[in-house]
Amino acid sequence: GRHDVDVKNMIVQALCSVLFGYIGGTFFGMEGLLTGMLLPLVVFTTVIKNVVIQKEVFGKTVLETIKHLLYNVLKSFAVLSVVFIATSFINTDIYLANIFIKGIMALIISVLMIILVSFKDPSLKDTANLMKLFIKR
């Protein structure tokens with residue numbers, strides 16, 4: 001990779017992780033430590049690194065990247081909500097059958113919904129092209 005582009009962000013992430021982990025651990029114990037160390041990881045990996053990559057590799061602005069990220073979060077929330085509602089009606093007396101049926105159902109619904117809500121999204125075409133290249137190998 002291009003670590004030279006975001007080396008400062010990685011240093012800030014590490015410092016925030018140590019600082020927030022210490023503060024969280026001091027006030028809330030192990031849960032605070034874990035949360036304090038996890039927050040910078042999520043924020044820097046999901047948002048900041050995404051912004052840097054989109055800017056450097058694809059030439060997209062920060063606003064475009066944030067809008068795309070929020071759109072994907074909303075899509076994910078919608079898919080998870082539908083999967084949760086649909087699978088909550090499945091109930092057999094056999095625990096393993098519940099897990100298996102709900103898992104298969106969640107997989108099918110998720111794939112179909114992601115394709116439906118991403119139909120006009122250019123990233124779906126990119127993903128499809130990558131899958132085609134992978135299958136040809």
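I began with the second largest pocket, which holds about 180 Å³ of space. I am working on a predicted model, where local features need pLDDT of at least 70, side-chain atom pairs count only at pLDDT 80 or more, and totals for chains, interfaces and linings use all residues. Residues are numbered from 1 along each chain as its sequence is written, and side-chain values use heavy atoms, with hydrogens and water left out.

Entry: A cavity is a set of points where a 1.4 Å probe fits but cannot get out, and lining residues have an atom within 4 Å of a point. Points are joined across faces, edges and corners, and a volume is the space filled by probe spheres set on them.

**Entry: second largest pocket.** I listed its lining: Asn72, Lys75, Ser76, Val79, Leu80, Ile114, Val117, Ser118, Asp121, Ser123 and Leu124. H2 gives the most, with five. By class I found five nonpolar, four polar and two charged residues. (Ala, Val, Leu, Ile, Met, Phe, Trp, Tyr, Cys and Pro count as nonpolar, Asp, Glu, Lys and Arg as charged, and the others, Gly among them, as polar.)

**Entry: largest pocket.** I looked up its volume, about 270 Å³. Its lining has 13 residues, and Gln54, Lys60, His68, Ser123 and Asp126 lie nearest the centre. Helix H1 (3–58), helix H2 (62–88) and helix H4 (122–136) each give two or more residues to this lining. H2 gives the most here, with five residues. The classes are three nonpolar, six polar and four charged.

**Entry: cavity.** I found one cavity of 30 Å³ or more. About 40 Å³ of space lies in the largest cavity. Asp6, Asn9, Met10, Gln13, Phe44, Ile48 and Lys49 line it. I sorted them into three nonpolar, two polar and two charged.

**Entry: H2 against H3.** I checked how these helices cross. Their axes come within 9 Å and cross at roughly 145 degrees. (Axes are lines fitted to C-alpha atoms, for helices over the stretch in contact, and angles run from 0 to 180 degrees between N-to-C directions.) The crossing is right-handed, a term for the near helix being turned clockwise from the far one by less than a right angle. On the H2 side, the contact (heavy atoms within 4.5 Å) includes Tyr71, Lys75, Val79 and Val83. On the H3 side, Met105, Ile109, Ile114 and Val117 are among the residues. I counted 12 nonpolar, two polar and two charged residues in this contact.

**Entry: whole chain.** I see four helices and zero strands. (Helices are DSSP runs of H or I with at least four residues, strands are runs of E with at least two, and both are numbered from the N terminus.) The pattern along the sequence is α-α-α-α. The radius of gyration is 20 Å, well over the 14 Å that the globule rule gives for 137 residues, so the chain is more spread out than a compact globule. (This radius is taken over C-alpha atoms, and the rule is 2.2 Å times the number of residues to the power 0.38.) The C-alpha trace spans about 50 × 45 × 30 Å along its principal axes.

Technical notes:
On a 1 Å grid over the protein atoms alone, a cavity is a set of points where a 1.4 Å probe fits but cannot get out, and a pocket is an open set with protein on both sides within 12 Å along at least five of seven lines; lining residues have an atom within 4 Å of a point.
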